[in-house]
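Welcome! Here is a short briefing on a protein structure, covering its aromatic rings, some charged side chains and a metal site. Take a look at the sequence and the model first.

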Amino acid sequence: MISVSQNDGNNTFCTCENCRKVYEEEGSPAGAYIRFMNKLAERFPDKEISTLAYLFTMHPPKKVKPLPNVNIMLCDIDCMREVPLTDNASGRDFVKALEGWSAISNNIFVWDYGINFDNMVSCFPNFHVLQKNIQLFKKNHVTMHFSQVNGSKGTDFSEMRAYMIGKLMWNPYQNADSLMRSFMDGYYGAAAPYLYQYQKIMQGGLLASGTNLWIYDSPVTHKNGMLNDQLCKTYDELFDQAEAAVASDPVRLDRVQLSRLSLIYSELEIARTKTNQDVAKVRQQLDYFRQQCRKFGIKSLNERSNAPEDYCDLYEKRFLPQAEKSKALGAKVIWLQKPGERYQKIADTALTDGLFGGTTFVESWVGWEGVDGSFILDLGEEKEFSSVEADFLHQLGQWILLPEKVTYSISTDNQTYQPFGSFSFAEDRAPQVKFVGGKVTSDKPVKARYIKVEVDAIGMCPAWHYGVGHPAWFFMDEVTVL
Ligand SMILES: [Zn+2]
């Protein structure tokens with residue numbers, strides 16, 4: 001089987017006139033891809049040519065039918081996971097694609113996703129959707145299935161997830177709840193009833209919240225839903241009881257504690273978005289998380305190889321209260337070049353609320369796509385300071401690149417501006433998620449009420465990035481003035 005497939009990315013298909021004609025005739029860019037695959041399949045009849053039906057090629061073509069030795073690798077990456085695929089809008093769009101492909105092919109491979117890729121060690125209660133989804137695949141003559149979960153140690157309930165998915169792949173008509181119970185009884189022993197309750201309560205919390213479960217979520221998305229304060233308290237009590245139940249059984253105690261890391265991480269992520277935290281308690285939890293990750297050999301917290309040690313170091317510097325408070329806290333933002341529409345809702349406060357974003361761009365971060373950004377901060381009155389620093393996100397996998405440059409200028413009257421300085425960013429090709437500050441410090445303190453922040457974007461993704469030729473994002477979350 002030889003894979004000949006499009007790259008990642010939402011709009012990376014050819015837009016020349018000839019190709020566009022094919023898309024129109026076929027009702028989907030998949031038309032051009034399948035026509036090409038059929039030519040390859042004809043040329044190499046003893047091979048199977050596998051191609052992704054993914055993002056812009058998820059929906060099948062209207063006319064051309066894939067040859068039997070063309071394998072359709074159908075991906076449901078954009079779907080939400082809180083309910084089975086048949087039960088929400090994103091899922092139904094996929095089901096429509098699945099039924100379309102199954103009408104023209106018997107050679108379908110489903111690539112399914114079942115963990116949070118940006119926060120792998122965080123709560124992902126999707127056990128109630130596994131069985132119905134696998135049944136759906138089977139009904140539509142899917143003969144191969146890749147369930148992308150458990151990429152590395154410590155991902156949410158990875159042992160049970162592997163067990164249940166494995167069992168359901170053999171036979172999707174077994175009782176999924178019995179599978180969960182039998183796994184828990186065997187693996188967690190006397191702790192099983194508490195962890196079973198934990199799973200069920202969280203599932204209820206998720207469904208009752210009406211919030212989507214997404215593979216690029218942040219736990220922060222669920223802080224008023226399945227991870228609200230009352231529920232987290234309940235989860236912690238259940239884990240305390242679970243640990244107590246196996247206190248004299250070190251192997252099972254380890255298993256319970258390993259499974260608890262998702263909850264601890266989720267709580268830490270939510271804690272950094274609250275200003276009224278018991279800092280000593282958060283620090284204690286952070287130290288415990290660090291120590292447990294070391295003990296269990298957790299290497300990475302996300303798909304981008306960010307290590308727990310680095311996370312904990314950064315957390316201390318970035319999220320725990322610092323001695324000196326930013327003079328831009330609560331400053332009013334006057335927009336010159338606004339961020340992308342999706343981010344305008346939070347943009348007025350997110351840049352000066354004193355809260356830094358995490359590794360997921362979905363909360364706290366404000367994004368611009370392909371264009372420069374600029375705004376003025378009004379500190380409310382003249383203040384003395386000697387440094388200005390805007391904080392940026394580097395996350396290549398999401399097409400979020402550092403800008404070229406950030407320039408600061410200052411004013412007392414919002415009429416005449418004096419240069420304060422600028423910061424140029426070095427190009428960074430590392431796959432890890434990073435936070436990079438563009439800091440400018442003056443020799444002597446200055447006085448000003450207004451600070452103008454102008455960001456020169458890089459515009460298009462560069463040649464070495466797979467989004468080449470398409471706009472790159474830059475994301476900013478906070479401007480700190482000291
Ligand atoms: Zn073309």
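Phe 475 has a relative accessibility of 1%, and because buried means under 20%, Phe 475 counts as buried. Keep in mind that this is a predicted model. Phe 475 also has an aromatic partner, Trp 473, and the pair they form is tilted, with 5.5 Å from centre to centre and 35 degrees between the planes.

**Aromatic pairs**
- Across the whole structure, a search finds 35 aromatic pairs.
- One of them joins Trp 368 and Phe 474: the ring centres are 5.0 Å apart and the planes meet at 5 degrees, so this pair is stacked.
- Trp 368 belongs to strand β7 (residues 366–369) and Phe 474 to strand β12 (residues 473–481), so their pairing ties together parts that are 106 residues apart in sequence.
- Both Trp 368 and Phe 474 are buried.
- Elsewhere, a cluster linked by ring pairs takes in Phe 157, Tyr 163, Phe 183, Tyr 187, Tyr 188, Tyr 198, Tyr 235 and Phe 239.

**Charges over rings**
- Phe 435 has Arg 318 over its face, at 3.7 Å from the ring centre.
- Tyr 417 has the charged end of Lys 452 over its ring, 4.5 Å from the centre.

**The zinc site**
- The zinc ion has Cys 14, Cys 16 and Cys 19 as its protein donors, each through SG, at 2.2 to 2.3 Å.
- Along the sequence, these donor residues follow the spacing C-x1-C-x2-C.
- With a relative accessible area of 33%, Cys 16 is partly exposed.

Definitions and conventions. Residues numbered from 1 in each chain as written. Predicted model: local features only at pLDDT ≥ 70, side-chain atom pairs only at ≥ 80, totals over all residues. Heavy atoms only, no water. Phe/Tyr/Trp six-rings, centres within 6.5 Å; stacked < 30°, edge-to-face > 60°. Helix = DSSP H or I, 4+ residues; strand = E, 2+ residues; numbered from the N terminus. Buried < 20%, exposed > 50% of the residue type's maximum accessible area, 1.4 Å probe, protein only. Lys NZ or Arg CZ within 6 Å of the ring centre and 35° of its normal. Donors = N, O, S within 2.8 Å, 3.2 Å for Na, K, Ca; no water.
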